[in-house]
Amino acid sequence: MPDLSTATRVKMHAAGPEFSSVIWGSMRCESQFDSVAKLADHLRFLLDHGVTTLDTAPAYGDPHPYTVEEFLGQAIEQVGREKFEIVTKLGIQRISPHRAVNRVRHFDFSATEIARSTDRSL
């Protein structure tokens, strides 16, 4: 019987990336963890169970959008960036003090926004 306490690996394509079969979502991590150190401890827990793939998005954040990726990035830095695969989404434009140019909630999937969002996430 397989060890259900450890996530397996999934190859997405013969020549493509490999992810953990369980992906941890960061959307609410700011309300779950009150410090970068506690989030880093959680990331270590995930690694101990084979979970190496993290889901995020620039628009995530509570109470204000656009804050999760920085919080998560600080925790990842403590644990080791090379240990994770990071999946991020883009295009969602929310009203936030962190994006003063957004006056209306909308989607933007233009080439310019894809490049800008990718650079910000990195």
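Visitor: How many helices and strands does the protein chain have?
Guide: First, this is a predicted model: local features need pLDDT of at least 70, side-chain atom pairs count only at pLDDT 80 or more, and totals for chains, interfaces and linings use all residues. Residues are numbered from 1 along each chain as its sequence is written, and side-chain values use heavy atoms, with hydrogens and water left out. Helices (H or I, at least four residues) and strands (E, at least two) are DSSP runs, numbered from the N terminus. Counted that way, the protein chain has 4 helices and 7 strands.

Visitor: What percentage of the 122 residues counts as buried?
Guide: Buried means under 20% relative accessible area, exposed over 50%, and partly exposed in between (1.4 Å probe, protein chains only). Among the 122 residues of the protein chain, the buried share is 37%.

Visitor: Among contacts between residues at least 6 apart in sequence, what percentage joins residues at least 24 apart?
Guide: A contact here means heavy atoms within 4.5 Å. Keep the contacts between residues at least 6 apart, then pick out those joining residues at least 24 apart, and you get 63%.

Visitor: Let's zoom in. Is Lys11 buried, partly exposed or exposed?
Guide: Lys11 sits in strand β1, residues 9-11. Beyond its neighbours within four places in sequence, Lys11 is in contact with Gly16, Pro17 and Glu18. Its relative accessibility is 48%, so Lys11 counts as partly exposed.

Visitor: What about Thr52, buried or exposed?
Guide: Thr52 is in the loop between α2 (36-48) and β4 (53-56). Setting aside neighbours within four places in sequence, its contacts include Arg9, Ser20 and Glu85. Its relative accessibility comes to 13%, so Thr52 counts as buried.

Visitor: How many Å apart in space are Gly91 and Tyr66, C-alpha to C-alpha?
Guide: Gly91 belongs to the loop between β5 (85-88) and β6 (92-93). Along the sequence, Gly91 and Tyr66 are 25 residues apart. In space, their C-alpha atoms are separated by 12 Å.

Visitor: Which residues does Gly91 touch, not counting those up to four places away in sequence?
Guide: Gly91 has a relative accessible area of 2%, so it is buried. The residues it touches are His106, Phe107, Asp108 and Phe109.

Visitor: How much space lies in the largest cavity?
Guide: On a 1 Å grid over the protein atoms alone, a cavity is a set of points where a 1.4 Å probe fits but cannot get out, while a pocket is an open set with protein on both sides within 12 Å along at least five of seven lines; lining residues have an atom within 4 Å of a point. Grid points are joined across faces, edges and corners, and a volume is the space filled by probe spheres set on the points. The count is 1 cavity of 30 Å³ or more. The space in the largest cavity is about 70 Å³.

Visitor: Which of its lining residues are closest to the centre of that largest cavity?
Guide: The lining has 13 residues, and α4 (111-121) gives the most, with 3 residues. Closest to the centre are Pro58, Gly91, Ile92, Gln93 and Ser117.

Visitor: Which residues is Ser117 in contact with, leaving aside neighbours within four places in sequence?
Guide: Ser117 is in helix α4 and counts as buried at 4% relative accessibility. Its contacts are Pro58 and Leu90.

Visitor: Last one: which element gives the largest share of the lining of the largest pocket?
Guide: That pocket has a volume of about 330 Å³. Its lining has 14 residues, and Glu69, Arg81, Ile86, Ser121 and Leu122 lie nearest its centre. The elements giving two or more residues are α3, β5 and α4. With 4 residues, the largest share comes from α3.
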